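Student: Before we look at any detail, could you take me through this model term by term, setting each value against its definition?
Tutor: Gladly; here is the structure.

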Amino acid sequence: MSSNATQNATHNAAERLERHPRESSTISHRLPVRPDIAPEPCAATQWIQNRHRSFRPRIGIVLGSGLGDLAEAIEQPTKIAYRDIPGFPEPKVAGHSGQLVLGLLEGAQVAVLQGRCHLYEGWSLEESLRPLRTVLELGIELLILSNASGGITPRFHSGQVVAIDSHINWLFQSTKSPNPHDSSGSILMRHDRTYDARWLAKAQETAEELGFALPCATYLATLGPNYETRAEYRAFGRLGADIVGMSTVPESILAMQLGIPVLAFSVVTNVANPDIPTATEHNDVLAWSSMARSRLEPLVSKIASKYFSTTNRNH
Amino acid sequence: MLDLYDKIQEACALIRKSWDHTPHAGIILGTGLGPLVSKIDVQAEFDYAQIPHFLRSTATSHRGRLICGLLGQVPVVAMEGRFHMYEGYRLDQITLPVRVMKALGAELLMVSNACGGMNPNFQAGDIMLIEDHINLMGANPLIGINDDRLGPRFPDMSQPYDPVLIKDALSIARSADIVAHQGVFVAVSGPNLETRAEYRFLRQIGADVVGMSTVPEVIVAVHSQMRTVGFSVITDMCLPDALEAADVAKIIAVANDAEPRLTTLLSGVLERDAKRNAQRR
């Protein structure tokens with residue numbers, strides 16, 4: 001495939017749109033990315049496209065702590081270990097295995113990143129984002145992110161699934177746009193549309209159909225790796241954060257910079273009460289995550305089948 | 001972080017050549033608080049430059065010596081002068097001495113610092129026991145691949161400062177007629193002091209005092225499963241609506257003035273803790 005892989009992918013999406021005009025509602029408000037200034041796709045994107053020419057994922061999914069099992073629901077999976085993809089870093093934390101899964105979720109073609117590269121592992125922001133950038137460049141129309149977070153607001157309970165509608169970047173680093181011509185100040189740098197309001201509404205509606213409420217939350221990203229002190233929980237609460245975690249924000253920003261709408265779900269693993277010191281164990285986090293899986297997995301599957309399945313167009 | 005283990009062993013090996021006690025505590029002395037070492041019965045001392053992988057202490061009023069000896073009857077290893085992020089060092093380098101203290105056998109870290117007071121109930125010269133902290137340095141000493149021999153990947157921070165030791169310190173302060181508070185310490189990278197707007201912000205997010213150290217060392221101590229007690233000497237008051245220009249000479253003078261009171265508290269807490277430990281054994 002030529003170095004115009006991104007343009008081609010965008011093209012393919014446009015072709016599909018023409019063939020199925022009713023689908024346009026699902027991707028109607030991608031942010032404008034001018035094809036003449038589109039960034040060069042990274043080597044990994046071309047590597048994957050050369051090996052899987054017929055594969056055109058429509059949804060990209062990033063699985064967070066303990067949510068890795070959704071990858072098991074992917075049909076006709078092609079699993080590629082990060083270490084086998086040129087330029088991919090390899091995560092080294094319990095609970096993260098590190099592979100890209102290409103396949104079908106409820107009949108929709110998806111590219112799933114199972115395992116994140118966190119900043120606390122010592123990766124640079126750019127390195128940590130390379131797997132996601134690759135998935136974004138495969139031409140997806142929606143990015144679904146998931147993570148495990150600590151609850152700050154007492155409105156939430158442990159094991160609850162929430163949708164992120166805004167974030168606070170407490171990483172003391174910012175994502176440089178992969179687009180060499182985007183020297184900030186342009187519409188691409190406006191963060192107010194990072195989390196897509198229309199997709200959020202669709203997700204909430206779908207959650208309701210599945211029988212649970214999907215409240216919105218402001219997510220604050222810290223560097224980690226230690227969990228927060230009680231004073232930090234109080235501080236973040238005063239700043240307006242509902243939940244706190246160590247990922248997701250750079251990913252959302254990158255997707256926005258490339259003009260792809262984001263739906264971000266968080267599993268609230270432990271609601272902190274700063275007035276009662278309670279130790280957080282990584283194993284507890286994994287346990288709460290698995291409980292929430294019984295909600296998050298059906299939610300993501302149903303979104304795929306409702307809006308992206310090639311066999312079901314009743315939406 | 002995978003190279004840390006060997007560095008720790010090399011630093012320990014050098015210290016072990018001239019000192020064979022097991023320290024009960026590691027002590028870090030902050031700005032202007034160095035004179036506390038005169039109370040230590042010195043058995044061995046090292047310039048930081050002598051110890052493999054130790055950094056140079058470049059900050060004002062930080063000597064740069066590691067002292068091994070007895071404080072009261074208790075074996076300790078003390079840093080006269082510490083390293084700061086604003087000197088351009090990485091946090092994992094800055095905190096190496098804490099890991100060395102742990103490797104020598106210390107189970108308790110006693111940290112002190114000079115800080116700016118934002119809680120209006122405090123006064124310059126008062127001492128605050130650190131009850132909790134906010135890391136606002138924009139960095140963390142544990143970033144990197146975790147070495148499980150040194151501690152867990154995701155250390156819990158629900159109680160980084162040992163409440164028993166805070167209680168001890170407050171009770172010693174009461175009987176010695178020393179003003180001591182407890183509160184929240186927020187760490188910033190520095191080196192400039194804060195603007196009035198920053199003081200307002202830091203106060204609003206729940207901090208009582210602000211400084212440029214201590215939090216990295218405490219995070220590493222928690223990671224190493226050490227208990228911690230932290231003493232902040234309030235060297236100037238930072239009230240945004242009545243802010244005076246900072247005078248470093250004055251700050252150091254206030255710290256020096258508070259040092260005997262800090263020594264009373266610190267050695268008192270150390271003595272009680274060592275006694276309790278001996279009874280437990």
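This is a predicted model: local features need pLDDT of at least 70, side-chain atom pairs count only at pLDDT 80 or more; totals for chains, interfaces and linings use all residues.

Student: Why is helix 3 of chain A called oblique to helix 6 of chain A?
Tutor: Helix 3 (residues 125-137) of chain A and helix 6 (residues 249-257) of chain A pack at about 50 degrees with their axes 10 Å apart, the axes being lines fitted to C-alpha atoms over the stretch in contact and the angles running from 0 to 180 degrees between N-to-C directions. Angles under 35 degrees count as roughly parallel, over 145 as roughly antiparallel, 65 to 115 as roughly perpendicular and the rest as oblique, and therefore the pair is oblique.

Student: What makes the contact of helix 3 of chain A with helix 6 of chain A, by class?
Tutor: Residues are in contact if their C-beta atoms, placed from the backbone, lie within 7 Å; among those that qualify are A:Leu129 and A:Arg133 of helix 3 of chain A, and A:Glu251 and A:Leu254 of helix 6 of chain A. The contact has 7 nonpolar, no polar and 2 charged residues, where Ala, Val, Leu, Ile, Met, Phe, Trp, Tyr, Cys and Pro are nonpolar, Asp, Glu, Lys and Arg charged, and the others, Gly among them, polar.

Student: What makes helix 2 of chain A oblique to helix 3 of chain A?
Tutor: The axes of helix 2 (residues 43-51) of chain A and helix 3 of chain A cross at roughly 50 degrees and come within 8 Å, so this pair too is oblique. Here A:Ala44, A:Thr45 and A:Ile48 of helix 2 meet A:Arg130, A:Thr134 and A:Glu137 of helix 3, which by class gives 2 nonpolar, 2 polar and 2 charged residues.

Student: How do you know that helix 3 of chain B is largely enclosed?
Tutor: A residue is buried if 20 or more other C-beta atoms lie within 10 Å of its own, exposed if 12 or fewer, and partly exposed in between. In helix 3 (residues 96-104) of chain B, 8 of the 9 residues are buried, so the rest of the structure largely encloses this helix. The buried residues include B:Val98, B:Arg99 and B:Lys102, and their packing partners in chain B include helix 1 (4-18) and strand 5 (108-117).

Student: How do you know that the radius of gyration of chain B agrees with a compact globule?
Tutor: Taken over C-alpha atoms, the radius is set against a rule of 2.2 Å times the number of residues to the power 0.38. For 281 residues the rule gives a value near 19 Å, and chain B has 18 Å, which agrees. Buried residues make up 53% of chain B.

Technical notes:
Residues are numbered from 1 along each chain as its sequence is written. Chains are lettered from A and ligands numbered from 1 in the order in which they are written. Helices (H or I, at least four residues) and strands (E, at least two) are DSSP runs, numbered from the N terminus. Two residues are in contact if their C-beta atoms, placed from the backbone, lie within 7 Å.
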